[in-house]
Structure formats: structure tokens, C-alpha cells
Amino acid sequence: APWCGHCKKLDPIWSEIARTSKDQGWAARGVVIAKMDATENGCSEEVTGYPKIVMYPAVKADKKFRQKADYSGAREYEPLVDFILGAAKSLDGAELGIDKKKRGRSMVDRELAKKGKAKEGKGTEL
């Protein structure tokens, strides 16, 4: 929704993801990054909050809604790309050819860091 502050904040991130998709050739593998204004377009999807991020698989229309993947994570570049790479079966094995200094740690590195912090917080109490 154009009036939504969260959508406005996501817009440059979503544009960067679209550029990444184009640069990495995801369209040739059946992955299309798109945005739609649900306040202006008819949609069968129930929208209870903005922005709503959904991955629809490239399957027959009668299966599309049953096999979709809703995203509920952080509205940031890395977690969104991780979601796309994980949810899009046609991108299995795909890696981003981007400058890691610019983007930060890989998904694996971030997950290991989360697990390490969780272990640190589970010290024994006296």
C-alpha cells in the first residue's frame, strides 16, 4: 500500500532484491520478483497487514495457494534473500555472487552466530 510506512521502508530493499534477481538470472530459473498494491488490484490473497510477502510456486493455479510460502521475518535484504533462496526449489544450489563485505555474513554464518549466542545465554545458574 503506497500510504503504508512499512511498505515505503521496504521499497528500496525490494528494488535491490529485484536487481539481484536480474543480475543472478533468477527469471531464467522461473523466479520472478514482483510487487503489487493490494489496495488497487484485485487479489484472492487475504491481506491482514502490510507489507505482505508471499512466495507462490510455479505450479498450476489450483495448487498455487496450497503450496505458497508466507514470509514473516525481518524486512531486510539478507533475510529476504535467504527466504527466496530457501523457498524457490528452482534456485536450489544457487549462491549470490555479491561482495560479502557489502552484504555481510552468509546465511550459514548468521545461523551459526545465532546458535552461539543462544548457547552463551544458557549458562548455569547458582
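Colleague: Which residue just after helix 1 takes a positive phi?

Modeller: In this predicted model, Gly25 does, with a phi of about 70°.

Colleague: Where in helix 1 does a kink lie?

Modeller: A kink is read as an angle between fitted axes on either side of a residue. Here the kink is about 35° and lies at Asp11, shortly before the proline Pro12.

Colleague: Which residues of helix 1 are buried?

Modeller: Buried means under 20% relative accessible area. In helix 1 that holds for Cys7, Leu10, Ile13, Trp14, Glu16, Ile17, Thr20 and Ser21.

Colleague: Which residues have the most contacts inside the largest nonpolar core?

Modeller: They are Ile17, Trp26, Leu80, Ile84 and Leu91, in a core of 19 residues. Helix 1, strand 1 and helix 3 (77-87) each give two or more residues to this core. Helix 3 gives the most, with six residues.

Colleague: Where does Asp37 lie, and what is its nearest side chain of opposite charge?

Modeller: Asp37 is in the loop between helix 1 (5-24) and strand 1 (53-55). A salt bridge needs the charged atoms within 4 Å. The nearest side chain of opposite charge to Asp37 is Lys35, 9.7 Å away, so Asp37 is buried without a salt bridge.

Colleague: Which residues is Asp37 in contact with, leaving aside neighbours within four places in sequence?

Modeller: Ala1 and Pro2.

How values were computed:
Residues numbered from 1 in each chain as written. Predicted model: local features only at pLDDT ≥ 70, side-chain atom pairs only at ≥ 80, totals over all residues. Heavy atoms only, no water. Helix = DSSP H or I, 4+ residues; strand = E, 2+ residues; numbered from the N terminus. Buried < 20%, exposed > 50% of the residue type's maximum accessible area, 1.4 Å probe, protein only. Lys, Arg positive; Asp, Glu negative; His and termini not counted. Contact = heavy atoms within 4.5 Å. Bend = angle between axes of the 7 residues up to and from the residue. Core = buried A, V, L, I, M, F, W, Y, C linked by side-chain atoms within 4.5 Å.
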